Amino acid sequence: MSEISPAATVRLRATLVGLTAVLMWSTLGLFGAASGKVPPFLLNALCFGLSGIVATLWLGLTGRLARMRQPVGVLAFGTLGLFGFHFFYFTAIRNAPPVDANLINYTWPLLIVVFSALLPGERLKAHHVLGTLLGLAGAALLVTGGKGLTLDPAHAPGYLAACASALFWSSYSVLSRRLGKVPTEAVAGFCLGTSVLSLAAHLAFETTVWPASPSEWGAVLALAAFPVGLAFFVWDIGVKHGDIQVLGAGAYAAPVLSTLLLIAFGFGAFTMVVALACGLVTLGAVVAAKDMIFRTPTKRRLAKTEPSA
């Protein structure tokens, strides 16, 4: 039987690495709830600052610090991508009902799949779109609790901010593919830049509230280590070298896994709505990843002729 080509192996490995970011992002709700009443921009500044500093120290110890040095345009792109997404998301949930804002924001995985069609060498197929739409349906069911959605024109600024957050993250993810030669180590610089801008936003818009106990500081450290730290590095690997359509569809697992974690730790109850949302997201991911999961010997032979991402 024919084996998978080296190019396909690299693509598969990068996709699986990228999907670990989704697992980490699913802990945002749990660790965020455990971090107390720290305002969002200050929490952002703390987490990105800690993750950026630790990553920089690690690169220095391993002799790879020079890989952080990138052109100003690259640093601006990465910093604005990370900060812009969070800035508009926080603005959205402050100016619109959180359910509405979250659902609009969660169109970013769908936008990634759609925008990927503009990338050279990528082919957007019907099952990619279908799988992503199933994931969106699952996320919508979960976010709304199956009660539907009512958009009030009075909250238009918040809705627009939620659209902007979705556009920022989807654009950042897809355009990162065009920067495939920029090493992932550069993300450490993006984190430091995002921390500085988040601190400026905190000083401008928020009242300072620090974590009030060792457990709350522990939650901040956990956030900085995983969902607001390592997740952005592995996501960079995934979107640059993996199957970006599968990553987009798979991202809808984050709100479902987050809900299941909160339920497991006593912050909610398992309901039929949650069960149905889990089923839709799982089905969507399988449909979107059909080519990767059900690869046949013929497809393996064809994959040998594909150029490396």
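A salt bridge here is a side-chain nitrogen of Lys or Arg within 4 Å of a carboxyl oxygen of Asp or Glu. With that in hand, let's look at this predicted model, which holds nine salt bridges. Three of them are set out below.

| Salt bridge | N to O distance | Relative accessible area |
|---|---|---|
| Arg11 and Glu122 | 3.3 Å | Arg11 21%, Glu122 12% |
| Asp291 and Lys125 | 3.1 Å | Asp291 18%, Lys125 32% |
| Lys240 and Asp236 | 3.1 Å | Lys240 5%, Asp236 2% |

Take Arg11 and Glu122, whose side chains meet at 3.3 Å. Arg11 sits in helix H1 and Glu122 in the loop between helix H6 and helix H7, so the pair ties together parts 111 residues apart in sequence. Arg11 is partly exposed, whereas Glu122 is buried.

The loop between H6 and H7 also holds Lys125, whose partner Asp291 lies in helix H14, 166 residues apart. Asp291 counts as buried and Lys125 as partly exposed.

The pair Lys240 and Asp236 stays within helix H10: being four residues apart, they are separated by about one helical turn. Lys240 is buried, and so is Asp236. Elsewhere, shared partners join Arg11, Glu122, Arg177 and Asp243 into one salt-bridge network.

Val187, Ala188 and Cys191 of H9 make the contact with Phe232, Phe233 and Asp236 of H10. Five of these contact residues are nonpolar, none is polar and one is charged.

Conventions. Residues numbered from 1 in each chain as written. Predicted model: local features only at pLDDT ≥ 70, side-chain atom pairs only at ≥ 80, totals over all residues. Heavy atoms only, no water. Contact = heavy atoms within 4.5 Å. Helix = DSSP H or I, 4+ residues; strand = E, 2+ residues; numbered from the N terminus. Nonpolar A, V, L, I, M, F, W, Y, C, P; charged D, E, K, R; others polar. Buried < 20%, exposed > 50% of the residue type's maximum accessible area, 1.4 Å probe, protein only.
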